[in-house]
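Work through the exercises below with the model open beside the text, and compare each step with the solution that follows the task.

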Amino acid sequence: MGPLSPKPKIFKPISSSSPPCKRRLITPLMAFEAGDSIEVSSKEEGFLGSYYEATVVAKITRNNQYVVEYKNLVEDDDLTAPLREIVTADEVRPAPPPLGQPEIRYFYGDVVDAFDNDGWWVGRVTGMDVNQGKYCVYFEYFGVEIAYHPSKLRLHQDWKKGRWSLASEY
């Protein structure tokens with residue numbers, strides 16, 4: 001029954017003896033705990049459309065932020081120490097689930113993530129270099145096309161309303 005549906009035949013109004021409604025803030029953002037594997041999206045110029053693997057170190061409750069430690073990024077002053085950073089909750093999503101088979105065949109137009117420069121970058125399959133066994137991926141934001149071995153690709157998945165879905169476009 002939707003909001004415009006007529007009242008049911010048997011209508012029972014809420015009585016004053018009913019328990020009060022306990023209000024709770026509902027947020028579309030998922031809560032993560034220390035140790036959770038996540039991905040962090042970047043909103044910085046030149047990094048749009050990229051996701052970096054990380055682990056939650058701590059949650060900063062009052063600001064809805066997280067301290068994260070990146071899997072592949074390192075501190076500038078110590079090239080061996082993993083980079084730690086404070087990020088906002090809207091930049092964080094769970095690590096996407098694997099899609100089954102180790103090597104998927106990609107087709108023209110598939111939206112994929114390509115692992116490059118220590119992160120996953122969203123692009124679209126535009127062809128295949130049969131001689132090298134690599135897929136050509138076009139990155140619209142940058143206007144470049146690069147060939148990748150299938151082991152460096154994954155189908156792009158979107159995290160929306162608490163669920164994963166395959167992306168149809170980016």
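A residue is called buried under 20% relative accessible area, exposed over 50%, and partly exposed in between, with a 1.4 Å probe and protein chains only. The model is predicted, so that local features need pLDDT of at least 70 and side-chain atom pairs pLDDT 80 or more, while totals for chains, interfaces and linings use all residues. Residues are numbered from 1 along each chain as its sequence is written, and side-chain values use heavy atoms, with hydrogens and water left out.

**Exercise 1.** Classify the ring pair of Tyr106 and Tyr135, and state whether each residue is buried or exposed.

*Solution.* Rings of Phe, Tyr and Trp (its six-membered ring) pair if their centres lie within 6.5 Å, and planes under 30 degrees apart count as stacked, over 60 as edge-to-face and the rest as tilted. The ring centres of Tyr106 and Tyr135 are 5.2 Å apart and the planes stand at 85°, so the pair is edge-to-face. Tyr135, with a relative accessible area of 6%, is buried, and Tyr106 at 7% also counts as buried.

**Exercise 2.** Describe the surroundings of Asp113.

*Solution.* Asp113 has 0% relative accessibility and therefore counts as buried. The side chains of Asp113 and His156 are joined by a polar contact of 2.6 Å (a pair of N or O atoms within 3.5 Å; within protein, one must be able to donate a hydrogen and the other to accept it, and residues adjacent in sequence count only if both atoms are side-chain atoms).
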